[in-house]
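User: I have a structure open and would like to go through it with you. Can we take it piece by piece?

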Amino acid sequence: MDNKRKRIGIMGGTFDPIHNAHLSLAEQAYRQFSLDAVWMLPNGNPPHKSEIRQEDVRHRIRMIQLAIEDTPYLKFCNLETSRKEYHYTFETLQHLKSAYPNMLFYFIMGADSLFEFDAWREPELISRDCVILAAVRDHRHRAQMKEKVEELENRYGADIRLLDTPNMDIASSEIRRRIACGEDISGMVPLKVADYIKKNGLYTGGRGRMRRSDALSIRDLKKELEKEMDESRFEHTTGVMYMCAALAMRYGCDLEKAMLAGLMHDCAKCMPNAKKLKTAEKNHLEITDLERRNPFMLHAKLGAFLARKKYDIEDQEVLDAIRWHTTGRPGMTLLEKIVYIADYIEPKRDKAPNLPQIRQLAFEDLNMALLRILEDTVEYLDQGDDETDDITRQTYEYYKNHI
């Protein structure tokens with residue numbers, strides 16, 4: 001690469017709110033790859049969220065400006081703050097490359113995003129227009145990261161480099177929860193940001209609120225889902241919820257998150273297939289050719305969307321567990337594994353092979369239970385004539401080599 005060209009890091013996200021882990025990631029990218037600057041791009045209307053108010057966007061912008069104003073190499077960029085349209089990364093990079101032809105762009109992403117990269121819109125165009133910096137965290141082993149990097153580089157011609165980052169267990173969703181519960185957030189956000197949040201009453205449901213104050217409880221959600229599901233589906237759903245709770249207690253996962261993800265995992269299941277497809281199209285969800293031919297396959301992806309849009313569930317871990325509960329994916333989180341397994345072994349299930357053994361194994365060795373389910377699922381798929389999603393086979397191959 002031409003060393004005379006400026007190297008610019010690009011860090012996108014909702015930043016709701018920006019926190020110290022965001023700033024640490026930007027700093028590590030700046031130092032490790034000798035960048036000239038890191039541009040912070042808050043997304044005003046990301047494809048995976050809906051009903052973003054302009055007042056919310058203004059608050060997020062101001063918090064970013066306060067957080068970076070004393071750090072010369074961090075710059076604010078408003079390219080993605082328009083509410084008029086969805087903002088996709090490949091479009092943003094195309095615009096930047098055209099507007100700044102003498103700059104080299106380094107797109108900074110988290111480890112989880114790297115494993116989801118195949119599902120992004122136009123990954124080959126993203127790979128063409130930037131160097132990807134993928135943050136390495138403890139929960140993603142370096143060997144797994146390197147394997148995924150090699151796979152994506154071969155598939156898309158990408159230039160992906162690993163970015164070492166300190167393990168800061170901070171999430172915007174946890175900050176919002178703490179504020180709503182009146183808990184301390186010191187050390188999680190810059191002092192200026194904390195003062196701004198307090199001054200404007202953000203995330204409290206009061207003045208300047210940035211979330212609905214009437215988010216539904218699990219009890220309320222059960223009542224809502226019972227109206228929308230047939231009896232057998234609702235029985236399955238509550239069975240999965242309680243199985244998730246049991247597995248969460250066994251393996252030390254957040255109990256409330258597990259119950260919430262289990263309860264909501266099939267929230268789009270009973271929607272007619274034609275409506276599934278229409279809703280996904282209307283809301284700009286990524287639809288594969290396979291899903292277009294078989295709209296029933298959209299229910300997990302659409303379920304994550306509805307959980308956020310209709311039921312005000314903002315926790316990304318919960319949404320991801322809903323999203324991947326049918327196929328699994330390489331590098332699953334503990335919560336994702338629990339929901340995937342609970343969906344398979346809940347008490348009303350009686351048709352899958354080896355259920356008694358798998359149910360027992362689930363409480364002895366979660367990973368082995370996951371591998372056994374994947375093995376049985378792939379064997380079943382291989383015996384049928386129906387079209388299947390390759391991600392299940394990829395997940396099986398991944399865990400066959402990592403467990």
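**A threonine, and then the rest**

Analyst: We can begin with T392, which sits in helix α19, residues 390-402. Keep in mind that this is a predicted model.

User: Is T392 buried or exposed?

Analyst: T392 has a relative accessible area of 5%. Buried means under 20%, so T392 is buried.

User: What is T392 in contact with, leaving aside its neighbours within four places in sequence?

Analyst: T327, L374, T377, V378 and L381. Of these, L374 and T377 are also named among the α18 residues that meet α16.

User: OK, α16 and α18 then. At what angle do they pack?

Analyst: About 55°, with the axes 10 Å apart. Helix α16 covers residues 334-345 and helix α18 covers residues 366-383. The angle makes α16 oblique to α18.

User: And what is the handedness of the crossing?

Analyst: Left-handed, as α16 passes α18.

User: Which residues meet there?

Analyst: From α16, they are L334, K337, I338, Y340, I341, Y344 and I345. On the α18 side they are L366, N367, A369, L370, I373, L374, D376 and T377. The residues of this contact divide into 11 nonpolar, 2 polar and 2 charged.

User: Change of topic. How many aromatic pairs does the structure hold?

Analyst: There are 8 aromatic pairs. In one of them, Y30 and Y73, the ring centres are 3.8 Å apart and the planes are at 5°. Planes under 30 degrees apart count as stacked, so this pair is stacked.

User: Where do Y30 and Y73 lie?

Analyst: Y30 is in helix α1, residues 20-32. Y73 is in the loop between α2 (54-68) and β3 (74-76). The pair therefore ties together parts that are 43 residues apart in sequence.

User: Buried or exposed, those two?

Analyst: Y30 is partly exposed, at 24% relative accessible area. Y73 counts as buried, at 13%.

User: What about W39 and Y100?

Analyst: W39 and Y100 form an edge-to-face pair, with 5.3 Å centre to centre and 75° between the planes. W39 lies in strand β2 (residues 37-42), while Y100 lies in the loop between α3 (89-99) and β4 (103-109), so the pair ties together parts 61 residues apart in sequence.

User: And how accessible are W39 and Y100?

Analyst: W39 has 11% relative accessibility and counts as buried. Y100, at 35%, counts as partly exposed.

User: Which residues do ring pairs link into a cluster?

Analyst: F107, F117, W120 and Y156.

User: Let's go to the backbone. Where is there a cis peptide bond?

Analyst: Between D16 and P17, with omega at about 5°. P17 lies in the loop between β1 (6-13) and α1. As background, most peptide bonds are trans.

User: What is the phi of F15?

Analyst: Near 50°, which is a positive value in a residue other than glycine. Most residues other than glycine have a negative phi. F15 is placed in the loop between β1 and α1, and is buried at 2% relative accessible area.

User: What about N354?

Analyst: N354 is not a glycine either, and its phi is positive at about 60°. It is found in the loop between α16 and α17 (355-362). With a relative accessible area of 29%, N354 is partly exposed.

User: I also marked T279. Where is it?

Analyst: T279 is in helix α12, residues 273-282. It has a relative accessible area of 15%, so it is buried. Leaving aside neighbours within four places in sequence, T279 is in contact with M271 and L302.

User: How far apart are T279 and F305?

Analyst: In sequence, 26 residues; in space, 10.0 Å from C-alpha to C-alpha.

User: Last bit, the whole chain. How many helices and strands?

Analyst: The chain has 19 helices and 6 strands. Buried residues make up 53% of its 403 residues.

User: And what share of the contacts join residues at least 24 apart?

Analyst: Among contacts between residues at least 6 apart in sequence, 69%.

Key: Residues are numbered from 1 along each chain as its sequence is written. This is a predicted model: local features need pLDDT of at least 70, side-chain atom pairs count only at pLDDT 80 or more; totals for chains, interfaces and linings use all residues. Side-chain values use heavy atoms; hydrogens and water are left out. Axes are lines fitted to C-alpha atoms, for helices over the stretch in contact, and angles run from 0 to 180 degrees between N-to-C directions. Helices (H or I, at least four residues) and strands (E, at least two) are DSSP runs, numbered from the N terminus. Angles under 35 degrees count as roughly parallel, over 145 as roughly antiparallel, 65 to 115 as roughly perpendicular and the rest as oblique. A crossing is left-handed if the near helix is turned anticlockwise from the far one by less than a right angle, and right-handed if clockwise. Contact means heavy atoms within 4.5 Å. Ala, Val, Leu, Ile, Met, Phe, Trp, Tyr, Cys and Pro count as nonpolar, Asp, Glu, Lys and Arg as charged, and the others, Gly among them, as polar. Rings of Phe, Tyr and Trp (its six-membered ring) pair if their centres lie within 6.5 Å; planes under 30 degrees apart count as stacked, over 60 as edge-to-face and the rest as tilted. Buried means under 20% relative accessible area, exposed over 50%, partly exposed in between (1.4 Å probe, protein chains only).
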